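Here are some exercises to work through with the model open beside you. Try each task yourself, then follow the solution step by step.

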Amino acid sequence: VEAHLLSVQYRMHHQIAAFPSWRFYNSKLRTGVHPEERHPLTSDYDFGNFGFVHVDGLEKGAKGHSKANLTEASCVKHIIESINCEPDDIGVITPYSAQVAAIRQELRSLPGHAGTQVSSVDGFQGSEK
């Protein structure tokens, strides 16, 4: 069976896709959505189209091997409050199911944010958010 590389991806932001393209695909993976087609977030923070934020906080073990960081969950709520876009357009990705629960708990107090998707990395697999 001959292998074929699907060389154009449409889901990741081009700056996020640059690493796997270089590391795993010999820089052959291209982005089908060009930067000018992605609308920057408007908020109190200068994130552009996406953002990574370092938060000092303590992870606590929860059920099984999962972990939660309540300081991070509070920070997520604060950032989401400042973003000027529809809640359905916001996706929060975290590696732990306990953190998913902590963030969802924080967001319950924000009006209209029932549509904000908070899920694990696996939960976003195949998603276009």
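**Exercise 1. Find the residue in β6 that V92 stands opposite, and trace how the chain gets from β5 to β6.**

*Solution.* 
Step 1. V92 stands opposite V118 in β6. Helices and strands here are DSSP runs numbered from the N terminus, with helices (H or I) of at least four residues and strands (E) of at least two.
Step 2. Right-handed means that, with the strands pointing away from the viewer, the path from the first strand over the helix to the second runs clockwise.
Step 3. Now look at the pairing: β5 and β6 are parallel and joined over four bridges. Two strands pair if DSSP finds at least two bridges between them.

Before going on, a word on what you are viewing. This is a predicted model, in which local features need pLDDT of at least 70 and side-chain atom pairs count only at pLDDT 80 or more, while totals for chains, interfaces and linings use all residues. Residues are numbered from 1 along each chain as its sequence is written, and side-chain values use heavy atoms, with hydrogens and water left out.

**Exercise 2. Decide whether V118 is buried or exposed, and list its contacts beyond four places in sequence.**

*Solution.* 
Step 1. Locate V118 in strand β6, residues 117-120.
Step 2. V118 has a relative accessible area of 2%, so it is buried. The classes are buried under 20% relative accessible area, exposed over 50%, and partly exposed in between, with a 1.4 Å probe and protein chains only.
Step 3. Leaving aside neighbours within four places in sequence, V118 is in contact with V92, V100, I103, R104 and L107. Contact means heavy atoms within 4.5 Å.
Step 4. Check a distance too: the C-alpha atoms of V118 and G91 are 5.9 Å apart, although 27 residues separate them in sequence.
Step 5. On strand β5 (residues 91-94), V92 and T94 make up the covered face, and G91 and I93 the uncovered one.

**Exercise 3. Work out which residues touch the most other members of the largest nonpolar core, and which element gives the most to it.**

*Solution.* 
Step 1. A nonpolar core is a set of buried Ala, Val, Leu, Ile, Met, Phe, Trp, Tyr and Cys residues joined through side-chain atoms within 4.5 Å.
Step 2. The largest core has 13 residues, and V76, I80, V92, I103, L107 and V118 touch the most other members.
Step 3. Two or more residues come from each of α2 (70-82) and α3 (97-107), with α3 giving the most, five residues.
Step 4. Within α3, the buried residues are A98, Q99, V100, A102, I103 and L107; their cover includes β4 (67-68), α2, β5 and β6.
Step 5. Take I80 as another member to inspect: not counting residues up to four places away, I80 touches I90, V92, L107, L110, H113 and T116.
Step 6. For background, nonpolar side chains tend to be buried together in soluble globular proteins.

**Exercise 4. Identify the aromatic pairs that link F19, W22 and F24 into a cluster.**

*Solution.* 
Step 1. Rings of Phe, Tyr and Trp (its six-membered ring) pair if their centres lie within 6.5 Å; planes under 30 degrees apart count as stacked, over 60 as edge-to-face and the rest as tilted.
Step 2. There are two aromatic pairs in the structure. F19 and W22 form a tilted one, 5.9 Å centre to centre with 50° between the planes.
Step 3. F19 and W22 are three residues apart in helix α1 (residues 14-25), so about one helical turn separates them.
Step 4. F19 and F24 have ring centres 6.2 Å apart and planes at 85°, so this pair is edge-to-face.
Step 5. Compare accessibility: F19 is partly exposed at 47%, W22 is exposed at 54%, and F24 is exposed at 58%.
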